[in-house]
Amino acid sequence: MSLGPYASFIVTSYALVAAVVLILIVWIAIDYRRQKERLRELDASGVIRRSGRSAADIQ
Amino acid sequence: MTLIDLANPTRFLTLTTRLLPWLAAVTATLLLIGLYQSAMAPDDYQQGATVKIMFIHVPNAWLSMFVWGVMSLAALGTLVWRHPLADVAAKAAAPIGAAFTFLALVTGSLWGRPMWGTYWEWDARLTSVLILFLMYLGLIALWRAVEDPSRAARAAAILTLVGAINLPIIKFSVDWWNTLHQPASVMRMGGSSLDRAFLIPLLVMAVAFSLLFVTLHLAAMRNEILRRRVRSLQMMQASQRAA
């Protein structure tokens with residue numbers, strides 16, 4: 001597969017899209033872990049939800 | 001499970017936990033198929049291989065507007081129906097929409113340089129999409145500036161609905177004004193002007209990116225629900241300590 005004289009523009013476009021999508025996925029995954037960690041800490045400190053369920057129970 | 005059941009954040013969390021692995025798998029599979037088809041697509045007789053940029057530029061451009069449309073529906077949900085998940089959906093969608101809009105602008109610029117001879121032109125389509133990007137950033141800043149989520153939600157909902165005026169301007173800018181950007185070639189009266197060799201990879205990539213948005217949006221909504229749960233538990237803990 002030859003990308004011709006403008007290969008750098010094509011490769012840069014695809015690489016940039018891959019990088020931004022990867023950043024989004026990693027950012028959302030890290031945020032999820034952070035929130036679960038905070039809920040675990042709150043659970044360990046004895047805080048209970050109004051429903052009576054554990055703070056760390058996310059379902 | 002009916003739609004009304006999803007108004008309950010706990011039920012929503014249960015559903016997303018079950019759905020997300022499947023959605024991620026289907027999205028990844030479709031993206032791989034779309035990328036393979038894009039790589040195998042023939043060169044255009046005028047643009048050569050640079051036509052391959054279309055397969056990522058167009059889905060991102062469509063999604064930049066679609067996400068604002070989703071946020072507009074969520075804004076109505078916040079202001080009219082006061083749906084408990086509406087502002088969660090709007091807040092979670094904004095950074096993802098901003099990322100798609102950024103990618104549409106940059107890939108368009110990288111496509112424009114070899115084809116038009118310039119990275120940027122202040123024509124109606126490019127300028128209106130840049131305004132959309134700035135509105136996304138403004139909305140994210142607004143969410144971060146107001147601490148109380150329900151107050152932030154109302155202000156953000158109004159800004160979102162005002163910003164929705166920009167969507168038809170973006171869509172029809174190429175018809176209303178004389179622009180360097182080409183007119184619509186897929187969704188237009190009389191059907192697509194694209195050859196099947198380009199249209200099929202483009203549609204596969206569009207569906208794959210749409211599923212990517214749904215997956216990321218559900219995951220970001222789940223995070224936002226958990227963030228609010230953390231906030232309310234911290235407030236409960238603080239009031240218990242004060243008592």
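**Exercise 1. Describe chain A of this predicted model: how many of its residues are buried, and what secondary structure does the chain have?**

Step 1. Chain A has 59 residues, and buried residues make up 15% of them. The model is a predicted one.

Step 2. Count the elements. Chain A has one helix and zero strands.

Step 3. H1(A) has 38 residues and reaches 55 Å from its first C-alpha to its last.

Step 4. Look past the helix. A:Gly46 follows H1(A), and its phi is positive, near 95 degrees.

**Exercise 2. Find which residues of H1(A) are buried, and what covers them.**

Step 1. List the buried positions. They are A:Phe9, A:Ile10, A:Ser13, A:Val17, A:Ile28, A:Gln35, A:Leu39 and A:Leu42.

Step 2. Recall the helix geometry. An α-helix has 3.6 residues a turn, so residues three or four places apart point the same way.

Step 3. Find the cover. It includes H2, H3 and H7 of chain B.

**Exercise 3. Outline the fold of chain B.**

Step 1. Chain B holds seven helices and zero strands. Along the sequence, the pattern reads α-α-α-α-α-α-α.

Step 2. The C-alpha trace of chain B spans about 75 × 35 × 30 Å along its principal axes.

Step 3. Check burial. Of the 243 residues in chain B, 37% count as buried.

Step 4. Check contact range. Take the contacts in chain B between residues at least 6 apart in sequence: 76% of these join residues at least 24 apart.

**Exercise 4. Determine where H1(B) bends and which of its residues are buried.**

Step 1. Start with the span. H1(B) has 32 residues and covers 44 Å between its first and last C-alpha, close to the 46 Å expected at 1.5 Å a residue.

Step 2. Locate the bend. H1(B) bends by about 35 degrees at B:Leu19. A proline, B:Pro21, follows within four residues.

Step 3. List the buried residues. They are B:Phe12, B:Thr27, B:Gly34 and B:Ser38.

Step 4. Name the cover. H2 and H7 of chain B are included in it.

**Exercise 5. Work out how chain B meets chain A.**

Step 1. Count both sides. Chain B brings 33 residues to the contact, and chain A brings 28 residues.

Step 2. Assign the chain B side. Helix H1 (9–40), H3 and H7 of chain B each supply at least two residues. H7(B) gives the most, with 13 residues.

Step 3. Sort this side by class. It has 20 nonpolar, eight polar and five charged residues.

**Exercise 6. Identify the centre of contacts in the largest nonpolar core.**

Step 1. This core has 67 residues. B:Val67, B:Met71, B:Ala89, B:Ala90, B:Ala93, B:Ile96 and B:Met205 touch the most other members.

Step 2. Trace the suppliers. H7(B) gives the most, with 17 residues.

Step 3. Zoom in on B:Ile96. Not counting residues up to four places away in sequence, B:Ile96 touches A:Leu24, B:Val67, B:Phe213, B:Leu216, B:His217 and B:Ala220.

**Exercise 7. Decide whether B:Trp176 is buried or exposed.**

Step 1. B:Trp176 lies in helix H6 (residues 166–176) of chain B.

Step 2. Apply the cut-off. B:Trp176 has 11 C-beta neighbours inside 10 Å, so B:Trp176 counts as exposed.

Definitions and conventions
Residues numbered from 1 in each chain as written. Chains lettered and ligands numbered in written order. Predicted model: local features only at pLDDT ≥ 70, side-chain atom pairs only at ≥ 80, totals over all residues. Core = buried A, V, L, I, M, F, W, Y, C linked by C-beta atoms within 7 Å. Buried ≥ 20, exposed ≤ 12 C-beta atoms within 10 Å, placed from the backbone. Contact = placed C-beta atoms within 7 Å. Expected span 1.5 Å × (residues − 1). Nonpolar A, V, L, I, M, F, W, Y, C, P; charged D, E, K, R; others polar. Bend = angle between axes of the 7 residues up to and from the residue.
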